[in-house]
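Student: Hey, can we go through a protein model together? I'd like to know what to look at.
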Amino acid sequence: MKSVRFLISLFVLLLVFSVFHAKAQKSNENFFGNFNIPIAAPRPPSVEQQTALPSSNIKDIQVFGEKSGIAYTSDTIWRTDTGGETWREIALPKSFSETISAVSFLNETIGWAILADEQNARLELVKTSDGGNSWTKTPVNLRQEDLREADLGNTFLQYIDENNLFLLLPLPTSSNFSGASFYESRDGGNTWNRLTRSIQKKLSDNQTGKNSRWILKRVGNCEGFKTGCVQETKIFDGANEITPPEIKNLARLEKENAKLQAQNSIFAAPPAGNTRISLNRGFDKCTAAPASQMQTWWNNSPFYDSNIYISGRNRACSQPQLTAAWVNQVSAMGWGLIPTIVGYQAPCSVSTNSQKHSSDPATAEMQGRGEADIAIADANNLGLTRGTVLYFDMERYDDLSGTGACSTPVKAFLKGWTDRLKEQGYISGVYGSPTNAVNDWINIPPQSQMDVVWLARWNNVMSVFGVAPLPDNYWTNNQRIHQWLGPRNETWGGVTFNIDNDISDAPVAGTAIAKNKTADFDGDGRTDVSVFRPDTGVWYVLNSSNSSFSGIAFGNNTDILAPGDYDGDGKTDTAVFRPSEGVWYIQTKAGFFSARSFGTNGDIPVPADFNGDGKTDVAVFRPSNGTWYIANSDSRATFTFVQFGANGDKPVQADYDGDGKADIAVWRPSNGSWYVLKSSDGTFFGVAFGASTDQPAQGDFDGDGKTDFVVFRPSNGVWYLLNTTAGFSAVQFGTTGDLPTPGDYDGDNKADVAVYRPSNGVWYLLQSQNGFSGTAFGASTDKPIPNAYLPN
């Protein structure tokens, strides 16, 4: 029994969670059959898919014997018997849906591996007695609540001898806690008995490494600013690298696939009471890092958001960095913050070192209100004032009474927390288990329900939806964060943090992001001179923020350009529509690539922010039936299909009524008329303005927040403008062969008259504030990117 206690203690101290990169999944929707306006469609797969390579991330290593050892990823075990000079792959009886969760060898011949089928919540134990040449397979029968909740892809397996085995299942917690279920087997893995289920406050972020002459090192690198980010793992024997060549080759392929991006921070102010909707990756760690390290991670990592444990009677780690000055400093870098409070836990919590709230519902509700008051005071001390979102950390609890003796007071406590926050002008968030959310939280009265949930389920799926067992139809509209990957060390820019990984579609504390302007790739509020070169598929951008030049290969010569801000970060993303496939290819600044089927050959891409959430919506206009198909970017994955227009019309989507949403609109060359369906009230109007040979060049030229009717007449080089406030005007600017490229080049919130001249590769700008200028940038066959916002 002493050995059991020792191993359990050792497991708690050695909660070193392995590297696992979620594989993206491609969305294969086809929404062009019967339609209504609008319709709610089933949620697509969690993340847009790319062709997945085997993982190059080494989860762990083990040395046994003088020159023998193993290294394993989630896909493969590699073995060496030559001290790392040569390696061979060990074949496992692993199905397609299974990954390698843990591996442990007793000696050179006897070893075990845990195979995890996370989708079906199932584990299997495989054993070898001949060094990995052959394996026997045995199901691992554990308690269902543990199999459903635990991080099955990153278990820990240990042994005393061939018969006595111990298995640790990491349980999702915030980084303020660590949790696990411990099992033992005394018959070589045929049967298992749970010893304990534990959640304890964490003392620090530091993790203890294994004592071995081999060292496993992880290092991260981003090819561009927060894009093309890869964590690479290497094995060293002293100063000699002995990583298996196959893993090194996979890492090389991952880095080659990384897209080169360059961008600049657009933030310059502390958050105060401001929140913004984040659609990006984030992390949480127990202790706030020094500002200098946060700056390193901002510059070199793929993360945009970080939690901060601002207060709470159960807050575990010390916070020497956490001051109002620190909050202002990291916010100015660009970080979105997730303020977290660790107060009273549930009365039935298995945590033995946490204070718990009352089992009496009335008392518990008052305690919840009291925790809110404490949190508000502490938030204000950090400069996080009214309007801020505050997240309460309520760890997983299990009410086994059958009478609601625990769940009822928890609901009362969270009701009190939320009611008080809302009374004081704050946004209520709660961190916890999706099991508690579906069993209890959805039953809190609607007016007292938390505004946003932060769900802990380590399923290795980087999506806020599909977080079982909570259905996708709760907290759907920018109301979810998903903690999808448990604790592990990550190194970016030479700085290592122990973190959990999060993905957001929810409010975070941070300055609001200005709505993206035409071809504004660096997010400084000004249109960038930029071209697409069809023969090489490269986008070239002259960044207006610092006059730097960048280029990224994305697309081919038959693609239709579809730039827009698809992730809502205030910066234009590279995107194309491939008519031959009906597929959209999008590279966003958060480092995500997606390929989405939406449309068919003959459709015209019409990307725009139709629902006013700051994100560009994927959309097409189908001339053959005059129908607009819009995939709304909201969290509910709805679609809007509208019949508006006729064959021969040119789509000119823009915000003509000034309500912050793009209106469905067409220009009809046959009669020179504009037809607009206003998003503000659903009414329709038409304006005769232009001739059949004119080129529409719509934009807000008078700065009143409404798009003006504008055409460029190539035959005489004249721009004709019908401004909603300033009225009619005509400007001679350009000549036959020029391409109109209106945009806000000087950042005064007024569109500027501009043309690109292919014959000499020169941009001519007539800026409303800065006057006339000319810039040589491009070649005769290049396509000016601001022109892609106009019908062609």
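Predicted model: local features only at pLDDT ≥ 70, side-chain atom pairs only at ≥ 80, totals over all residues.

Student: How many disulfides does the structure hold?

Tutor: There are 2, where a disulfide is a pair of cysteine sulfur atoms within 2.5 Å. One joins cysteine 286 to cysteine 317, with an S to S distance of 2.0 Å. The other is formed by cysteine 348 and cysteine 406, also listed with sulfur atoms 2.0 Å apart.

Student: Is the disulfide of cysteine 286 and cysteine 317 right-handed or left-handed?

Tutor: The torsion about its S-S bond is about 100°, so it is right-handed. For cysteine 348 and cysteine 406 the torsion is about -75°, so that disulfide is left-handed.

Student: Where do cysteine 348 and cysteine 406 lie?

Tutor: Cysteine 348 is in the loop between E20 and helix H6 (361-381), and cysteine 406 is in the loop between strand E21 (389-393) and helix H7 (407-423), so the pair ties together parts 58 residues apart in sequence. Helices (H or I, at least four residues) and strands (E, at least two) are DSSP runs, numbered from the N terminus.

Student: And are those two buried or exposed?

Tutor: Cysteine 348 is partly exposed, with a relative accessible area of 23%, while cysteine 406 is buried at 4%. Buried means under 20% relative accessible area, exposed over 50%, and partly exposed in between (1.4 Å probe, protein chains only).

Student: New topic: which residues of helix H5 are buried?

Tutor: In H5 (residues 324-333) they are Trp326, Val327, Val330, Ser331 and Met333. They cover an arc of only 150° around the axis, which puts them on the same side of H5. That arc is taken from the directions from the helix axis to the C-beta atoms.

Student: What do they pack against?

Tutor: The buried residues of H5 pack against helix H4 (291-300), strand E19 (305-311) and strand E20 (336-341), with contact meaning heavy atoms within 4.5 Å.

Student: Last one: how many aromatic pairs are there?

Tutor: The count is 40. Rings of Phe, Tyr and Trp (its six-membered ring) pair if their centres lie within 6.5 Å; planes under 30 degrees apart count as stacked, over 60 as edge-to-face and the rest as tilted.

Terms used: Residues numbered from 1 in each chain as written. Heavy atoms only, no water.
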